[in-house]
Amino acid sequence: MSVSTKTSIAGVELDSYVCNASGPKCTAYSELAELGKSDSSAIIMKTCTIQPREGNPKPRLARIGEHGLVQSMGLPNLGYKKYVEFSTKLKKYGKPIVASVAGFSLNEYITLVEAFQKSDVDLIEVNVGCPNIEGKPQVGYDFGQMRDLLSLTCGLGKKPLGLKLPPYFDPAHWDAMADLILDYRVSFVSCINSLGNTLTIDPWTRKTIIKPKKGLAGLSGETIKPISLANVRAFCERLGGKVSIFAVGGGVSGVDAFEFLLAGADALQVGTAFEINGADCFTYINKGLITMLKYHGFSSIEEAKGKLEYLQ
Ligand code: DHB
C-alpha cells in the first residue's frame, strides 16, 4: 500500500507531515540552508524582532532528565530585515518558508507583519507565547490585547497569518481564543509554545540551572506532549476544519506524530528533537508516521486526521 504524508497548512502544500519548529538551529542563514537541504517539509525561521538581539546571558538552555529541555534564550536573532532577505534566498530549496515574528508593542507587530507580507515567505507565524523576556508578559494570555493585535495585523496582506499560542489549561481560555481566531479569520494556529516560567534547581550547588530571569525558563520536549495534544484537540474541536493546525511540543517519534494527527493536527513541527538529534529527526519521524498509518490501514493524512475516538 502506498502511503502519502503530504499535507497543507492554510492552503500551502507541505511534502511531508514533519518540519522544524521555530527555535533551534534556524537563526543563521547557514542553518536555514541546512533545513532547506533536510527532510523538513518547510523552513521555519527563528522568531525575529525589529532590532537584532544577542539574547539572554548563558547558561540559558539545559536538558532536564531524559524527557525535557528548559531554555531562556531571550529571542537571539538577526533582526527582521535579514529574515526578509533570507526568504528570497531560500526559495531555491522549493519548500514553504515561514516567518516567525514577535513585537514588543502592537506597533512593532504591525511593522513586522507588513514587512513579511511584502517578502517571499509563504506563511507568517505571529508568536504570542514567548515566555523569556524579562518584563514582557505573554500576549497570548491577555485576551484584550490579543483582540487589538488581531484587529491591527489580520488585514495587512494576502499571505496566511497564524498564531503560535502558549499552552492553555482551562476550557474557558480555549473558548475565548477560538472565538478571537474565528472572528478575525486567522488562517492557522501552532499549538503550543514552550511552557513558560518553569524553575529548575541544582541541589548540589543550591543554584538555579538557568541564569536569566532568576532561573525561570520555558519547558519543552517529551514531558509537555500531553499538554500539546490537549491544546491541539481543543482547537480542532472549536475551529472545525476552518483553521489549519500545526502541532508543536514534545513530538519526537512517528508514534507521537500519529497521535497529533488523531488529535486533529494538519502537520507537526519538531523543536527539541531537532535540537538534540539534528535533521535526521525529520526523516525518522515521518517514516515512523508512515509505519503507523500503514498499521492502521490509512493511506493519507486526510483519512486519519482528527480520528481520535472517545471511550464510551
Ligand atoms: C524564545 C522562546 C520561545 O519559547 C519562543 O517561542 C520564542 C523565543 C526565546 O527565548 O528565544
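Residues are counted from 1 along each chain as its sequence is written, and side-chain values use heavy atoms, with hydrogens and water left out. Because this is a predicted model, local features need pLDDT of at least 70 and side-chain atom pairs pLDDT 80 or more, while totals for chains, interfaces and linings use all residues.

**View 1. What surrounds the ligand?** Around the ligand sit Lys46, Gln71, Met73, Gly74, Leu75, Pro76, Asn127, Cys130, Pro131, Asn132, Asn193 and Ser194, each with a heavy atom within 4 Å of it. Ligand oxygen atoms come within 2.9 Å of a side-chain N or O atom of Lys46, 2.8 Å for Asn132 and 2.7 Å for Asn193. These are polar contacts, meaning pairs of N or O atoms within 3.5 Å.

**View 2. Ser87, tucked into helix 2.** Ser87 belongs to helix 2, residues 80-89 (helices are DSSP runs of H or I, at least four residues, numbered from the N terminus). Is Ser87 buried or exposed? Its relative accessible area is 0%, so Ser87 is buried (under 20%, using a 1.4 Å probe and protein chains only). A polar atom of the Ser87 side chain lies 3.2 Å from the backbone nitrogen of Asp120.

View 3. Setting aside neighbours within four places in sequence, Ser87 is in contact with Ile97, Ser119, Asp120 and Val121. Contact here means heavy atoms within 4.5 Å.

How values were computed. Helices (H or I, at least four residues) and strands (E, at least two) are DSSP runs, numbered from the N terminus. Buried means under 20% relative accessible area, exposed over 50%, partly exposed in between (1.4 Å probe, protein chains only). A polar contact is a pair of N or O atoms within 3.5 Å; within protein, one must be able to donate a hydrogen and the other to accept it, and residues adjacent in sequence count only if both atoms are side-chain atoms.
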